Amino acid sequence: FSRDSSFSFLMGVILFDVDGTLTDTMDVDTRCFLQAFVDVCGFADVDPDWSHYRNATDAGIFQEVFESRRGRSPTASETVEFREHLVALFRAAALEQPFAPIRGAVALLARLGDRGEYRIGLATGCWSDAARVKMASAGFCYDDYPAGSADDAPDRETIVRIAAQRTAGETDKERNRAIYVGDGVWDVKMSRLLGIPFLGIGSGAQRESLIAAGASDVLPDFSDIDRFLFVLHKFERD
């Protein structure tokens, strides 16, 4: 990717997406989101392909669908109502069937934490309370990590900037790039816009779509931690 000279990060920062990257929740996310639109807003036949939206985040999708159906932006109270119902649907789904982590993700985060070589943060398009439910059900703790979320902005570029700043902290003034780990074609596009290295997670058709979007490195999951670390070190050498 081309480097954006106006945007740089501390080396050693790795930012992870949540849905489809750390937690195997893409299907339940879509199901609950569509149900929330029906339950709260009465909106049926919402397009479930999040790549079609300007901003593939909880806040961005809700705003775009609401505006297209109602001809105006949602009020703060309407957004809160939708968000709270959506999170309640996630909680109910998690009670019915606990969410699974992406293979190897729990062990990877533990190993990265033990090594102390990298600062780990989250940059998710979820609202934070939705991410907490998903991660807790899959065996993680959202609040263990600095994070940027759809609470902060509807667009991923701003979310990643905020997450990187929170993860890097103020202890080291040497600036360099972060690395973003994600599973969506929107993640590839966002990383290109910001000029930061992207490591894709996906297999089969998902892997092919990430490569077609411009990802040069895609792993099926985190089961091969040594391979993951090899790719990180390759990014640092580039």
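These legends describe close-up views of a predicted model. Local features need pLDDT of at least 70 and side-chain atom pairs count only at pLDDT 80 or more, while totals for chains, interfaces and linings use all residues. Residues are numbered from 1 along each chain as its sequence is written, and side-chain values use heavy atoms, with hydrogens and water left out.

**View 1. The largest cavity.** On a 1 Å grid over the protein atoms alone, a cavity is a set of points where a 1.4 Å probe fits but cannot get out. The count comes to 1 cavity of 30 Å³ or more. The largest cavity holds about 140 Å³ of space (volume: the space filled by probe spheres set on the points, with grid points joined across faces, edges and corners). It is lined by 15 residues, and Asp19, Asp29, Trp50, Ala56 and Arg156 are the closest to its centre (lining residues have an atom within 4 Å of a point). Helix 1 (26–41) and helix 2 (58–70) each give the lining at least two residues (helices are DSSP runs of H or I, at least four residues; strands are runs of E, at least two; both are numbered from the N terminus). The lining divides into 6 nonpolar, 3 polar and 6 charged residues (nonpolar: Ala, Val, Leu, Ile, Met, Phe, Trp, Tyr, Cys and Pro; charged: Asp, Glu, Lys and Arg; polar: the others, Gly among them).

**View 2. The largest pocket.** A pocket is an open set of points with protein on both sides within 12 Å along at least five of seven lines. About 320 Å³ of space lies in the largest pocket. Of its 17 lining residues, Gly20, Met26, Asp183, Ile201 and Gln206 are the closest to the centre. Helix 1, helix 7 (185–194) and helix 8 (204–213) each contribute at least two lining residues. The lining of this pocket comprises 6 nonpolar, 7 polar and 4 charged residues.

**View 3. Helix 3 and its buried face.** Helix 3 (residues 76–96) has 21 residues, which should span 30 Å at 1.5 Å a residue, and its end C-alpha atoms are 30 Å apart, in agreement (expected span: 1.5 Å times one less than the number of residues). Its buried residues are Phe82, Arg83, Leu86, Val87, Leu89, Phe90, Ala93 and Ala94 (buried: under 20% relative accessible area; exposed: over 50%; partly exposed: in between; 1.4 Å probe, protein chains only). Seen down the axis, they fall within an arc of 155°, so they line one face of helix 3 (arc: that of the directions from the helix axis to the C-beta atoms). They pack against helix 1, helix 2 and helix 5 (128–137) (contact: heavy atoms within 4.5 Å). Ser77, Glu84, Leu95 and Glu96 are exposed on the face turned away from the buried side.

**View 4. Ile61 in helix 2.** Ile61 is found in helix 2. Ile61 is buried, with a relative accessible area of 3%. Leaving aside neighbours within four places in sequence, Ile61 is in contact with Phe33, Phe37, Trp50, Tyr53, Asn55 and Ala56. Phe33 lies 28 residues from Ile61 along the chain, and their C-alpha atoms are separated by 9.5 Å.

**View 5. Asp45 in a loop.** Asp45 sits in the loop between helix 1 and helix 2. Its phi is near 60°, a positive value in a residue other than glycine. Asp45 is exposed, with a relative accessible area of 77%.

View 6. Ala105, Leu108, Leu109 and Leu112 are buried in helix 4 (residues 105–115). They cover an arc of only 95° around the axis, which puts them on the same side of helix 4. Their cover includes strand 1 (13–16), strand 2 (119–123) and helix 9 (225–237). Just after helix 4, Gly116 takes a positive phi of about 70°.
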